[in-house]
Amino acid sequence: ELVREFVAQNNTSQIKHVIQILSQEFALSQHPHSRKGGLIGLAACSIALGKDSGLYLKELIEPVLTCFNDADSRLRYYACEALYNIVKVARGSVLPHFNVLFDGLSKLAADPDPNVKSGSELLDRLLKDIVTESNQFDLVGFIPLLRERIYSNNQYARQFIISWILVLESVPDINLLDYLPEILDGLFQILGDNSKEIRKMCEVALGEFLKEIKKNPSSVKFAEMANILVIHCQASDDLIQLTAMCWMREFIQLAGRVMLPYSSGILTAVLPCLSYDDRKKNIKEVANVCNQSLMKLVIPEDDDMDEAKQSMTLPAEPASEESLSKPEAVSGGSLDASSDSNISNTSVFTITSSERIPVTLNLDGIVQVLDCHLHDTSIGMMTRIAVLKWLYHLYIKTPRKMFRHTDSLFPILLRTLSDESDEVILKDLEVLAEIASSPAGQTEGHGPSDGPDARSNQVELHVPIKASQLSSSGTKGMECSPSTPTMNSYFYKFMINLLKRFSSERKLLEMRGAFIIRQLCLLLNAENIFHSMADILLREEDLKFASTMVHTLNTILLTSSELFQLRNQLKDLKTQESRNLFCCLYRSWCHNPVTTVSLCFLTQNYKHAYDLIQKFGDLEVTVDFLTEVDKLVQLIECPIFTYLRLQLLDVKNNPYLIKALYGLLMLLPQSSAFQLLSHRLQCVPNPELMQTADGAKSSAGFKRAAAANIDYTELLQHFEKVQNKHLEARHQRAGRGEQLERRVVL
């Protein structure tokens, strides 16, 4: 009644005096009963003031909030009841004091006393109603408090925070999306709560935000939230990881190239998920979409940008983004996001749509992440395949920039050829083939440093390169497919290192050698491969390996469908190139006598094949040697040598073919191969015509007129020289074996 009188008289000083007495002498008293009386008095005072209570809210609220911390739960309840009455009377006038009210309520939400909690919930609902119906809410002032409280670990406090976020999201006049970067990390933390109810509430809140993002992408600060998502995409909690990955998918698809500076972080998070099993199928599928979408953002224009000019035009990033960015996410080359080709698939949302700023493609960071994943032996097959697809994609889209990394990537790509998965090896070969054939590899300063010897060997290869494929810069070079027969500075390095790998890892040669070489013949030019390998093997010091490798290459040459064109080229020796190739192969094939004869059969050099077989009498005939002769006989019966078998009908013009086959027959013991070849030779018509008549000589000479510039005498001498080396090496090995035996006996 007293307060009503003072209101009627407009006596503010007396009203303040009454409130002060109720606060200081009662509500803040040491005595519990006095505190209770003070709280009731302040509530009554507020009711008496009515709409004028807004003028005295600070004085009314502060003592009540102090009582929220009272040790006596009943007093905390009375404080809650008193504040409810004060707020109910004041309504919208309490909004300037919202932060202190929210702070107090957040503490009561976690109160152990059920009555206090129940009272706080009533007050909470009232405050939510006031905020919802008002357009005076100070969101800017509230965000720092929300950002701080969102990291609470208390279940009830988290529930309280999420309930408020849901309310604020539902108010049309409040744009919480602008401040999402401030609270997104906290929301993902809450998503991992033990309570199903809280997790569900948080899921709903995040779902609402994502709906808004899809509706209004132009106002979203994608870049400021990118690294928050990167962190939570790596969470151990499945719900957090799946939700963050779904957000990442939307961000990449909505923001486009704005996400490029964060590629290394995104890949770190996404790549391991690609190898998840069916227990995490959902995460794997979303991660796959993220990976594909991110890959599409890298375009050929990224390779042509003038970096010096770009760094001058690139504006400073906002402070909030800097604080979130990982150090590696802002290093590396820049590229122009404003070119016409980019506008169709990207917008820069961090600024007004009329401005276009360049976007940084952090190629160094991406390559570092890909390299780390290739080195990690524990990662799954699908991840390794994805890494190799990325490397291939980058070599296609940005070859000039990628070739700066080739020297560091090359060793791990070679090691990956030993992978247990054929699919991984196939992808690896595609990358290596692209490196070896890309015109960008011709650029000065990007080549390998294998010393002058390797470079001189390279020049000696004489591999045909079309003029149109010699573009070392510009877009024309980039259009070259992996199958073009261009040979750059890495091609020869690749061949040398591949043979080294086969030499040091014989199991790889045995299990996968043919598979690898056949695939390379599809991806690159088969003639280049055989020419270069033969050239390298000519200088091979490990003679046993050279013999094994030559045998492998010969089997591929004679039997693989991929080598059909090269076989036809060698069969007739019509061109100078084919004759050069034959001589190059022959010199290396001499490491293995039987393969040398089979090469002569393939190239229809029957006279020379016969001359070689005559030399076999001087060689050391071992079980391995006879096994290879056996295999050659089997090969003669295959479709590859159909033409050779048909030539047996023309005895007159092919006497040396028949003599060579009889020579092989005489080398063989009377095995199944002997029977096979013997039956074949019994089918030769008119054996009496096998005599080497003058007419036969002239016709054979006529048939081989095209290959007249081959010095067969010199080739035969080379064969003998190589075989002598092999004989010496075998004797040395045998000698070492005897010495070892003596040591054991001693």
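These are my notebook entries on a predicted model.

**Conventions.** I number residues from 1 along each chain as its sequence is written, and for side-chain values I use heavy atoms, with hydrogens and water left out. Because the model is predicted, I require pLDDT of at least 70 for local features and count side-chain atom pairs only at pLDDT 80 or more, while totals for chains, interfaces and linings use all residues.

**Overall make-up.** I found 39 helices and zero strands. I take both from DSSP runs numbered from the N terminus (helices H or I, at least four residues; strands E, at least two). Of the 746 residues, 51% count as buried; buried means under 20% relative accessible area, exposed over 50%, and partly exposed in between, with a 1.4 Å probe and protein chains only. I then turned to contacts (heavy atoms within 4.5 Å). Among contacts with a separation of 6 or more, 76% are between residues 24 or more positions apart.

**Nonpolar core.** I define such a core as a set of buried Ala, Val, Leu, Ile, Met, Phe, Trp, Tyr and Cys residues joined through side-chain atoms within 4.5 Å. The largest one has 225 residues, and Trp247, Phe530 and Phe601 have the most contacts inside it. Helix 13 (residues 238-255) gives the largest share of this core, ten residues. Leaving aside neighbours within four places in sequence, I list for tryptophan 247 contacts with Leu180, Leu184, Phe188, Leu206, Phe209, Leu210, Ile213 and Leu229.

I also looked up methionine 248, which is in helix 13. Methionine 248 is buried, with a relative accessible area of 0%. With neighbours within four places in sequence again left aside, its contacts include Ala226, Val230, Met259 and Cys290. Its C-alpha lies 10.0 Å from that of histidine 232, 16 residues away in sequence.

**Helix 30.** Which residues of helix 30 (residues 564-572) are buried? I noted Leu566, Arg567 and Leu570. They cover an arc of only 100 degrees around the axis, so they are on the same side of helix 30; the arc is that of the directions from the helix axis to the C-beta atoms. Phe564 and Gln565 are exposed on the other side. The buried residues pack against helix 28 (526-537), helix 29, helix 31 (576-589) and helix 32. Just after helix 30, leucine 573 takes a positive phi of about 50 degrees.

**Largest pocket.** I worked on a 1 Å grid over the protein atoms alone, where a pocket is an open set of points at which a 1.4 Å probe fits, with protein on both sides within 12 Å along at least five of seven lines; lining residues have an atom within 4 Å of a point. About 570 Å³ of space lies in the largest pocket. Of its 22 lining residues, Ser547, Asn592, Asp624, Phe625 and Glu628 are the closest to the centre. Helix 29 (543-559), helix 32 (593-602), helix 34 (623-636) and helix 39 (712-745) each supply at least two residues of the lining.

**Valine 621.** I placed valine 621 in the loop between helix 33 (606-615) and helix 34. Is valine 621 buried, exposed or partly exposed? Valine 621 is partly exposed, with a relative accessible area of 42%.

Notes
Points joined across faces, edges and corners; volume = space filled by probe spheres on them.
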